[in-house]
Amino acid sequence: MRIPKLAHRYSKALLELAHEKKVLEPVKEDMKFLHEVISSNPDLAVMLKSPVIKSDQKRKVMIEIGKNLNPLSQSFITLLIKQKRESFIYEIAKNFLEQYRNYKGIHLVKITSAKPLSQKIKEEIIKKIKSSLGGTIELEEIINPDIIAGLIITINDKEINASVKNFLNEFKKTFASNLYKPSF
């Protein structure tokens, strides 16, 4: 079974169970927490994927990390470890958040800029996106000075790259493929 398919199945089951038990919001926060903790701690990600470290040790670490999680989330993590699926916790948490957004009609919008945007500009961008897509917008702002200026807007998985760096790269490609040949 491929990882995306596995992550999709487990996260869908968790979403349905959390909805049924009326703990969808706390479980969503737990999955967000797990996603952030694992993505910000490469050692934890390596430990979860390591075949050398015993499941019992992984379970102890995850119980300590998840001691403040909802009981359903704790049971779910324990189940994953018992089923030897602990190496997929990150992918399952990420997929859960995507399915949650789809279920709630939330569009993930990532705005990458060279410098922090003012609140007025962010509100204007959200207003324009909301008018064309509808639903709710979840905004994530990323600061990347490498783009020089302009914006990169990613809506769900579609990207609009209006950065100066992208413009310069396109300009460079145009000059590299210049077909002009002097005839003298």
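User: Okay, zooming out. How many helices and strands are there in the protein?
Analyst: The protein has eight helices and four strands. Starting at the N terminus, the order is α-α-α-α-α-α-β-α-β-β-β-α.
User: Which elements have the lowest and the highest mean pLDDT?
Analyst: The lowest belongs to helix α8 (residues 164-176), with a mean of 88, and the highest to α2, with 97. In general, where pLDDT is low, the predicted coordinates should not be read in detail.
User: Now the overall shape. What's the radius of gyration?
Analyst: It's 22 Å, whereas a compact globule of 184 residues would come out near 16 Å. The C-alpha atoms fill a box of roughly 75 × 40 × 30 Å along the principal axes.
User: What share of the residues counts as buried?
Analyst: That's 36% of the 184 residues. As for the surface, the protein exposes about 12400 Å², and carbon and sulfur atoms supply 57% of that.
User: Switching topic: how many salt bridges does a search of the whole structure find?
Analyst: Nine. One of them joins Lys 49 and Glu 91, whose closest N and O atoms are 3.4 Å apart. That pair links distant parts of the chain, with Lys 49 in helix α3 and Glu 91 in helix α6, 42 residues apart.
User: What does Arg 101 pair with?
Analyst: The side chain of Arg 101 meets that of Glu 138 in a salt bridge, at 3.4 Å from N to O. Here again distant parts of the chain are linked: Arg 101 is in helix α6 and Glu 138 in strand β2 (residues 136-143), 37 residues apart. Arg 101 counts as buried, at 15% relative accessibility, while Glu 138 is partly exposed at 29%.
User: And what about Lys 173 and Glu 170?
Analyst: Their side chains also meet in a salt bridge, at 3.7 Å from N to O. The two are three residues apart in helix α8, so about one helical turn separates them. Lys 173 is exposed at 53%, and Glu 170 is partly exposed at 39%.
User: Last one: where does Lys 22 sit, and what's its phi?
Analyst: Lys 22 is in the loop between α1 (3-20) and α2 (24-40). Its phi is positive, about 60°, although it is not a glycine. Lys 22 is exposed, with a relative accessible area of 73%. Asn 156 also has a positive phi, near 55°, and lies in the loop between β3 (150-155) and β4 (158-163). Asn 156 counts as partly exposed, at 40% relative accessibility.

Key. Residues are numbered from 1 along each chain as its sequence is written. This is a predicted model: local features need pLDDT of at least 70, side-chain atom pairs count only at pLDDT 80 or more; totals for chains, interfaces and linings use all residues. Side-chain values use heavy atoms; hydrogens and water are left out. Buried means under 20% relative accessible area, exposed over 50%, partly exposed in between (1.4 Å probe, protein chains only). pLDDT is the predictor's confidence in each residue, from 0 to 100. The radius of gyration is taken over C-alpha atoms; the globule rule is 2.2 Å times the number of residues to the power 0.38. Accessible areas come from the Shrake-Rupley method with a 1.4 Å probe; for residues, only the protein chains shown count as cover. A salt bridge is a side-chain nitrogen of Lys or Arg within 4 Å of a carboxyl oxygen of Asp or Glu.
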